[in-house]
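This report describes a single chain and the two ligands placed with it. It begins with strand pairing and then turns to the ligand surroundings and the overall fold.

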Amino acid sequence: MVLKKYNINPDLALERQKCTFDIEEIINIFDGGKEKTSQRRKIEDVVLKSGLCHDDVPEECMSLKERYENAVRKSCFFSKLMKTELQEITGIEDFETPAIRRIADALFKDISPFLLHLGMFVPTIIGQCTSEQLMIWLPKALDLQIIGGYAQTELGHGTFIRGLETTATYDADTEEFVLHTPTLTAHKWWAGGLGKTINHCIVVAQLYTKGVCYGTHLFMVQIRDLDTHMPLPGIKVGEIGPRMGFSSADNGFLGFNNFRIPRNNMLMKHAQVQKDGTYVKPARHGKLTYQTMVFVRVTLVNEAAFNLSKAVTIAVRYSAVRRQSEMRPNEPEPQILDYPTQQHKLFIGIATAHAFQLTANWLWNTFKSVLSDMKKGDVGTLPELHALSSCLKAVCTSDAALLIEQCRYACGGHGYMLSSNLPYIYSFVAATRTYEGDYTILLLQTARFLVKAWEQAEAGKTVTPTVSYISRSLKGEKNSWRSTDEGIIKSFQAVAAGKIALCVKSIRDRMKSGLDYEDAWLLTTVQLVDAAEAHCRSVILETYCNEVRRLTKSSSDNVKIVMHQLVTLYLSYWTLQRTGDLLRYSSISEKDIDFMQRQYEELLQHIRPNAVALVDAFDLRDEILHSSLGAYDGRVYERLMEQAENNPMNAEPVNQSFHKYIKPLLQGKL
Ligand SMILES: CC/C=C\C/C=C\C/C=C\C/C=C/C(=O)SCCNC(=O)CCNC(=O)[C@H](O)C(C)(C)COP(=O)(O)OP(=O)(O)OC[C@H]1O[C@@H](n2cnc3c(N)ncnc32)[C@H](O)[C@@H]1OP(=O)(O)O
Ligand SMILES: Cc1cc2nc3c(=O)[nH]c(=O)nc-3n(C[C@H](O)[C@H](O)[C@H](O)COP(=O)(O)OP(=O)(O)OC[C@H]3O[C@@H](n4cnc5c(N)ncnc54)[C@H](O)[C@@H]3O)c2cc1C
């Protein structure tokens, strides 16, 4: 790109002059303080100066193989950079540095084949190994002497973990496990990095010892030779083929033919197989082997927020540059951002990115606190974490995908260009709705927790804070609608309580009519998913309001105003989306709904002058956005033309297919 960087589009420049608040203040809030902002920027500078982000050919013009090879090259150099310069800046082994995650997108428009190494392999080692095992594998993994992935899903089963078919049978004579893939559907499928990149893998398999199956357990398996990278004898491994996104993630398949691993390769922090084959079951909780999934679900809420902030930055900046149609005859064409319908498409994206980011931070802290309880031997808080992480992962990834697609609609035809980056962002987030637990499945997990909480509250027991509204509802507390933050949250809790109550009633009625619990549950699952979603909405609304209040306590008035405008926009938006439910379960009236509609439309007008500044406050560098439509300077048309001119398809004036096919066709000689 030879465009002069700071020759800014005049419309965008004017937008920035309208800003009523100090952008840096909001940036600091989301980074967690001034120092964190400065550390993040330092990290970004180092990565950007490394030259690693440069591609000779645009990624989208490469073949699949070239993209993969390019992604491996970058992953290797990036890993080296992380071990050297970045480690000095961030502090050794600081995995909680969101800055690293953000800047990684400057290197990879698509996915790093090493994603699962840090995303799941290392966390599984940390969470599932005994201290002796940790000492063997963790330093090697951190030092990238071994590169790993996480192979759980099979061709025939993803959701139903208990149905996995791969077996790990203990042979006490040799003190080894024999891994085997008994059927076609038992082949591991989908694991990121497995196709071509990794040499080690966490494998989830049914454990058999002394002729008894003890269910799924985790095993550390070397699958490729460390020197030649050839699959080891007894291993069948490869890439599963092109997909909607994740093109450079080399998702793979894996089969075992009686492949032997030492006994010590079973990850034994929670359950053990002793030398003689005696099984020692986990002392505290049966689902501790699912811990890495919980960890990733928690991080995916952050992914939803981050990717949405990228999409909405692109779409808002583009909407400030793009002029189209006329509002009144013979008037100049307005910026499309001036259309209330466009504001309706986009401002909710800004508010949602804030809501999800603050919820993600809160969930991360909850996760850390549960881990610390567990270290002390207390697993009492795990069910609530599982319920929270399940519904938040489901709802945030799903909402983010819809809103990212809405950002693409908001960019008209140009949004369909890969160079806008919106299709990449969408296909990445669309996958997050499915992997690490499909949307429906995770909401049903939360529903299980909610029904139990209802039964506990009914029995007079205390329930955890996120569901304390159930107790209030059972005590007969009636909802009286108030259009304040707190009033709206209470009404959304009343909706959730009402829906859970109906689910419980439905299950009981069905059982009274003769069905067993499983069938009664099954026939109620449509309502259960709906109830869990309603619960999740109330959690997000409450967390967003609380966190904004807490974080802006010492902010300037102008920042308080604009942050609160977004909170109110979010609350109004969801009130208007859920009028049916609110009319059913709260005391909201037609008049209240009219008021909320007017308030929502007024908020769009209030937010409009700050829209560009608000997306600037996500502080996303052009190199991270990768977008012809969303760059800071707003030189949209120049970029689109330059990229078209550089399109490899235009390298020759006449394509050879003309001579081969079109000309013979034209001349009737084909
Ligand atoms: C840049 C990005 C950054 C990071 C991302 C990194 C990588 C991203 C890229 C791609 C990675 C993708 C990876 C994957 O997809 S890995 C595969 C993930 N697979 C799944 O998520 C499968 C989903 N299925 C399940 O989790 C389970 O099968 C299911 C929970 C649906 C059911 O499990 P099971 O049949 O064993 O249990 P139940 O009988 O239903 O329940 C019994 C009991 O256990 C409780 N439970 C279930 N799960 C958990 C858990 N994780 N933690 C705690 N408790 C759990 C459940 O609620 C029941 O409790 P109770 O009602 O009290 O009996
Ligand atoms: C991009 C990508 C990367 C991935 N990476 C990995 C990886 O690294 N490692 C790994 O192990 N796996 C990985 N996966 C696999 C992923 O975890 C699974 O695809 C996911 O858990 C869903 O399982 P499934 O594909 O079996 O879907 P299915 O379970 O077959 O779901 C299909 C449909 O059936 C519905 N359904 C299924 N069971 C029920 C039920 N009990 N009640 C109601 N409805 C039901 C679902 O809601 C869904 O609509 C990846 C997947 C993708 C797309």
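## Strand pairing

Strand 3 and strand 9 (residues 259–262) run antiparallel to each other and are joined over 4 bridges. Within this pair, Leu179 has Phe259 of strand 9 as its bridge partner. The model discussed here is a predicted one.

Strand 3 (residues 176–180) also pairs with strand 2 (residues 167–171), again in the antiparallel sense, over 5 bridges. Here Tyr170 is bridged to Phe177 in strand 3. Strands 2 and 3 form a hairpin with 4 residues between them, and Glu175 in the turn has a positive phi of about 55°.

The shell around ligand 1 holds 30 residues, of which Gly119, Tyr290, His386, Tyr435 and Gly437 come nearest. Two or more residues each are supplied by helix 6 (115–128), helix 8 (291–321), helix 10 (382–410) and helix 12. Helix 8 contributes the most, with 5 residues.

By class, this shell around ligand 1 comprises 14 nonpolar, 10 polar and 6 charged residues.

## Lys236

Which element contains Lys236? Lys236 belongs to strand 7 (residues 235–239). Lys236 counts as partly exposed because 15 other C-beta atoms lie within 10 Å, a count between the limits of 12 or fewer for exposed and 20 or more for buried.

Lys236 and Arg482 are separated by 246 residues in sequence and by 62 Å in space, C-alpha to C-alpha.

## Overall fold

The chain contains 23 helices and 11 strands. Its C-alpha trace spans about 90 × 75 × 60 Å along the principal axes. For 670 residues a compact globule would have a radius of gyration near 26 Å, so the 27 Å of this chain agrees with that expectation.

Of the 670 residues, 44% count as buried. Among contacts between residues at least 6 apart in sequence, 75% join residues at least 24 apart.

Key: Residues are numbered from 1 along each chain as its sequence is written. Chains are lettered from A and ligands numbered from 1 in the order in which they are written. This is a predicted model: local features need pLDDT of at least 70, side-chain atom pairs count only at pLDDT 80 or more; totals for chains, interfaces and linings use all residues. The radius of gyration is taken over C-alpha atoms; the globule rule is 2.2 Å times the number of residues to the power 0.38. Two residues are in contact if their C-beta atoms, placed from the backbone, lie within 7 Å. A residue is near a molecule or strand if its C-beta atom, placed from the backbone, lies within 6 Å of it. Ala, Val, Leu, Ile, Met, Phe, Trp, Tyr, Cys and Pro count as nonpolar, Asp, Glu, Lys and Arg as charged, and the others, Gly among them, as polar. Two strands pair if DSSP finds at least two bridges between them.
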